Amino acid sequence: YMHWRLNRRSKVLAAIICLLVIIAFFIGIYAFWVPKRREALICAKAEEFGVEEELVFAVIRAESNFRADAVSGAGAIGIMQLMPSTAQFMQTILGSSGELTDPEENIRLGVGYLRYLSDRFDRLEEILAAYNAGEGTVRRWLSDPELTNSNGELICIPYPETRSYVRRTKNFYFCYKFFYG
């Protein structure tokens, strides 16, 4: 009887250890999947502009995967992948003239732009679509009855790239909220 009881305890202990290893493995995968690089700077800018830090991390993860030297085929630059015209627009609003390639300036302008878009659009999908395709494009979509519901909310994003970007960024956003929020 005593021998069986020790074995049972050993089996339970082994099962608990295996479960903890599996949990640690998946947490490690998600920490790799949704890292928080440049955390102090990003959190400070998110707080300065009143934007959820998880949203900023998600946009950066989707845009450049935290690469400050990223340049897109369309000409977007830096960690938050800002078009030069968007950066210039935000520099005019924010009163700065730093280099777009400087990660601190790029994050400042990108987070400021997220705030700007958040003040103009009500839904996360519309904010992200505007970050990717431009404010004017999303405004056109919202004025098209075939792309909106009866409440005037965007229900169909006609650009496949933007549709994919919004879906991917929202997935990162929810992962950041789950693991860090």
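**Exercise 1. In which helix is the place of Arg163?**

Solution. This is a predicted model: local features need pLDDT of at least 70, side-chain atom pairs count only at pLDDT 80 or more, and totals for chains, interfaces and linings use all residues. Residues are numbered from 1 along each chain as its sequence is written, and side-chain values use heavy atoms, with hydrogens and water left out.

Step 1. Arg163 sits in helix H8. Helices are DSSP runs of H or I with at least four residues, strands are runs of E with at least two, and both are numbered from the N terminus.

Step 2. Arg163 is partly exposed, at 37% relative accessible area. The classes are buried (under 20%), exposed (over 50%) and partly exposed in between, with a 1.4 Å probe and protein chains only.

**Exercise 2. Describe the fold at the level of elements.**

Solution. Step 1. Count: the chain has 8 helices and 0 strands.

Step 1. Order: from the N terminus on, the run is α-α-α-α-α-α-α-α.

Step 2. Burial: of the 181 residues in the chain, 39% are buried.

**Exercise 3. Which residues other than glycine have a positive phi?**

Solution. Step 1. Recall the background: most residues other than glycine have a negative phi.

Step 1. Phe66 has a positive phi of about 70 degrees. Phe66 lies in the loop between H3 and H4. Its relative accessible area is 7%, so Phe66 is buried.

Step 2. Gln81 has a positive phi of about 50 degrees. Gln81 lies in the loop between H3 and H4. Gln81 is buried, at 9%.

**Exercise 4. How many salt bridges does the count give, and where do some of them lie?**

Solution. Step 1. Apply the rule: a side-chain nitrogen of Lys or Arg within 4 Å of a carboxyl oxygen of Asp or Glu. The count is 12 salt bridges.

Step 1. Glu52 bridges to Lys177, with the closest N and O atoms 2.7 Å apart. Glu52 is in the loop between helix H2 (39–49) and H3, Lys177 is in helix H8, and 125 residues separate them. Both ends are partly exposed: Glu52 at 35%, Lys177 at 33%.

Step 2. Take two pairs within helix H5. Glu105 and Arg108 form a salt bridge at 3.9 Å, N to O. They are 3 residues apart in H5 (residues 103–120), about one turn of the helix. Glu105 is buried at 9%, and Arg108 is buried at 17%.

Asp119 and Arg115 form a salt bridge at 3.0 Å, N to O. They are 4 residues apart in H5, so about one helical turn separates them. Asp119 is exposed at 51%, whereas Arg115 is partly exposed at 25%.

Step 3. Look for a network. Salt bridges link Arg123, Glu125, Glu126, Glu153 and Lys170.

**Exercise 5. Which residues make the nonpolar surface patch of about 270 Å²?**

Solution. Step 1. Val12, Ile16 and Leu20 make the patch. Patch members have over 30% relative accessible area and no salt bridge; like charges are joined within 9 Å, and nonpolar side chains (Val, Leu, Ile, Met, Phe, Trp, Tyr) within 5 Å. Areas come from the Shrake-Rupley method with a 1.4 Å probe; for residues, only the protein chains shown count as cover.

Step 1. Leu20 is in helix H1 (residues 2–33). Leu20 is exposed, at 53%.
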